Amino acid sequence: MGPPHPDTIAAYTQAGASRTQGHELTEHEWALVEQAIQSVPPLHQRILESHLARLSFIEAPSSSGTALTRMYDGPDGQPRFDITLRADVLDQSLSTFLTRKEQSLFSDDGSGLSVQVSAGDARALPYLLLHEASHVVDRTLGLMQSGAGIADIWKDYRTLTEPYAGSLLAQSVYRRAPQLPAAKGPALYQALSRSPFVSLHATASAGEDFAELVTWETLSRRDKTPLAFEVRDRDGQVIARVEPLKQPGVQARLQAVAAQLAGY
């Protein structure tokens with residue numbers, strides 16, 4: 001544990017944070033962090049023990065980013081990593097965290113539509129730490145290039161193949177596009193339901209795709225954590241619902257990534 005690296009603070013500032021500073025954990029927050037660390041799978045534990053240099057928490061609630069993993073060369077020439085998480089998610093539910101993320105994809109167009117995410121009673125911190133630790137595992141072992149059907153979906157790290165590159169999936173904030181009108185929510189999640197992605201976050205890059213697969217494979221298998229995206233009208237009625245973990249294409253990729261990790 002330690003304060004965020006200056007480069008990390010600068011990255012959060014560039015992402016919209018103001019008066020960014022390190023966060024000192026309370027006794028309650030220390031307990032949450034210890035529980036989250038203990039929940040990380042054995043392979044992730046081993047990689048983190050040898051390659052994680054620093055775990056930090058940062059006061060940056062206005063930042064558009066929540067977590068950042070910084071990679072650099074250690075004194076022995078091996079990669080080292082800093083993981084930094086926003087402090088405001090320490091005691092947040094995963095459903096609340098994901099709902100706020102998904103709502104940031106849309107602009108208010110007067111349609112009254114909004115998105116809600118359900119992840120059962122899971123907490124956000126274990127999800128975030130597992131996701132960022134999966135980046136560390138991936139970059140240390142070079143897993144992404146050979147796993148979970150990545151080559152069939154990605155031309156390179158950020159370029160999608162067809163039909164995904166020409167679909168609405170390629171037009172979200174995760175793909176560095178402007179916010180979509182809220183009225184396009186049903187169509188966006190319909191496109192997700194026809195894809196092999198476990199989440200819209202996974203469409204950001206091949207690395208995010210892999211980390212999301214590893215994270216949700218663990219959470220769904222070990223903890224039985226559900227994942228559902230719902231678009232609701234102004235009266236709160238559900239007009240579209242997608243459960244990616246139940247989709248055959250996603251299930252096949254979850255099984256593939258589990259088999260890949262089992263080899264280490």
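Predicted model: local features only at pLDDT ≥ 70, side-chain atom pairs only at ≥ 80, totals over all residues.
Helix 4 gives the most to the lining of the largest cavity, with 3 residues. What counts as a cavity here? On a 1 Å grid over the protein atoms alone, a cavity is a set of points where a 1.4 Å probe fits but cannot get out, and lining residues have an atom within 4 Å of a point. Residues are numbered from 1 along each chain as its sequence is written, and side-chain values use heavy atoms, with hydrogens and water left out.

Back to that largest cavity. Its space comes to about 70 Å³, a volume being the space filled by probe spheres set on the grid points, which are joined across faces, edges and corners. Among the lining residues are Leu98, Lys101, Tyr127, His201 and Trp216. Helix 4 (94-103) and helix 8 (206-222) each supply at least two of the lining residues. The lining splits into 7 nonpolar, 2 polar and 3 charged residues; Ala, Val, Leu, Ile, Met, Phe, Trp, Tyr, Cys and Pro count as nonpolar, Asp, Glu, Lys and Arg as charged, and the others, Gly among them, as polar.

How many cavities of 30 Å³ or more are there? The count is 2.

Now follow helix 8. Its 17 residues reach 24 Å from first C-alpha to last, close to the 24 Å expected at 1.5 Å a residue (the expected span is 1.5 Å times one less than the number of residues). Helix 8 is mostly covered, with 14 of its 17 residues buried, where buried means under 20% relative accessible area with a 1.4 Å probe and protein chains only. After helix 8 comes lysine 224, whose phi is positive, near 60 degrees.

In an open, antiparallel arrangement, 3 strands line up in the order 6-8-9; two strands pair if DSSP finds at least two bridges between them. Strand 6 and strand 9 (238-242) are at the edges with a single partner strand each, so one side of each has no neighbour in the sheet. Strand 8 (residues 228-232) is joined to strand 9 by 4 bridges, and arginine 232 stands opposite valine 238 there.

Last stop: strand 4 (residues 79-86). Is strand 4 buried or exposed? Since 8 of its 8 residues are buried, strand 4 is largely enclosed by the rest of the structure. Pro79, Phe81, Ile83 and Leu85 point one way, while Arg80, Asp82, Thr84 and Arg86 point the other way. Strand 2 (residues 52-59) runs parallel to strand 4, joined by 6 bridges, with leucine 52 opposite phenylalanine 81. Strand 3 (residues 67-73) runs antiparallel to strand 4, with 7 bridges, and alanine 67 has leucine 85 as its bridge partner. Strands 3 and 4 form a hairpin with 5 residues between them, and glycine 77 in the turn has a positive phi of about 85 degrees.

Notes:
1 Å grid on protein atoms, 1.4 Å probe; cavity = no way out; pocket = protein on both sides within 12 Å on 5 of 7 lines; lining within 4 Å. Buried < 20%, exposed > 50% of the residue type's maximum accessible area, 1.4 Å probe, protein only.
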